[in-house]
Amino acid sequence: MNREEALAHVREVLPEQRYIHTIGVMETAKALAEKYGENVEQAEMAAILHDMAKHHSRDDMRDIIKKEQMDERLLLFHHELWHAPVGAYLAKVMMAIESQDILNAIRFHTTGRAGMSLLEKIIYLSDFIEPGRKFPEAEEIRKIAFTDLEKAMRKTVKQSISFLMDKKARIFPDTLECYNDLMLQKEKSKYE
Ligand code: DGI
Ligand code: FE
Ligand code: FE
């Protein structure tokens, strides 16, 4: 599966606005990969496929989560979370993606998790700051992402948790573990 084939696939399965978002994530991920020394092809591939399951039906996603014995807690949380692990599954079986790092970047792009790789962070952040995201927090974090990746991660996770709390939504454990891990890394870095 090369870049062009992956792009052709998502162009077919995603509505135009989601495709434009995907291109924005791809360009942002490429720029961040260049900045932080990540493999650009891997970053682009993860970005192209990150939302590939976004328009799958809820029933279809629920079936895949059960059949593939994914984290059962997902089914107790908002269905918006499902497209990330289901996307990783589809990237593996339909698009023949073998890199576990790319698959994890897709799987954890919505919640984050503790112990994220550089590629996972690049995709998580690119999703939040791509040029189509116009809210003030995205503008602010867009600048920080290119100077301090960890600080941009902390701000993005904090923003996501605040957003969910304002809506009185429940917060998926991976999101909270991501926040705790980023804070722990920051505390540790003080003593280095
Ligand atoms: O797929 P995108 O729209 O590009 O972005 P995304 O994959 O970050 O999905 C964002 C949606 O997921 C948004 O509606 C908020 C929701 N979400 C993210 N984390 C959580 C969550 N919803 C719940 N209930 N709990 C979470 O921890
Ligand atoms: Fe998404
Ligand atoms: Fe996205």
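Biologist: How are the donor residues of the iron ion (ligand 2) spaced in sequence?

Modeller: In this predicted model, the spacing is D-x31-H-x25-H.

Biologist: What makes D51, H83 and H109 donors of that ion?

Modeller: A donor is an N, O or S atom within 2.8 Å of the metal. The OD of D51 and the NE2 atoms of H83 and H109 lie 2.1 Å from the iron ion (ligand 2), so they meet that limit. H83 belongs to helix α5 and H109 to the loop between α6 and α7, so the pair ties together parts that are 26 residues apart in sequence. D51 also bridges to the iron ion (ligand 3), and the two ions are 3.5 Å apart.

Biologist: Why is H83 called buried, and why H109?

Modeller: Buried requires a relative accessible area under 20%. H83 has 5% and therefore counts as buried; H109 has 2% and is therefore buried.

Biologist: What makes helix α3 mostly covered?

Modeller: Of the 10 residues in α3 (residues 40-49), 8 are buried, among them V40, E44 and L49. The buried residues of α3 pack against α1, α2, α5, α6 and α7.

Biologist: Which members of the largest nonpolar core touch the most other members?

Modeller: Among its 58 residues, they are L49, I97, L125 and M153. Beyond its neighbours within four places in sequence, M153 has contacts including M116, L125 and L182.

Key:
Residues numbered from 1 in each chain as written. Chains lettered and ligands numbered in written order. Predicted model: local features only at pLDDT ≥ 70, side-chain atom pairs only at ≥ 80, totals over all residues. Heavy atoms only, no water. Core = buried A, V, L, I, M, F, W, Y, C linked by side-chain atoms within 4.5 Å. Buried < 20%, exposed > 50% of the residue type's maximum accessible area, 1.4 Å probe, protein only. Contact = heavy atoms within 4.5 Å. Helix = DSSP H or I, 4+ residues; strand = E, 2+ residues; numbered from the N terminus. Donors = N, O, S within 2.8 Å, 3.2 Å for Na, K, Ca; no water.
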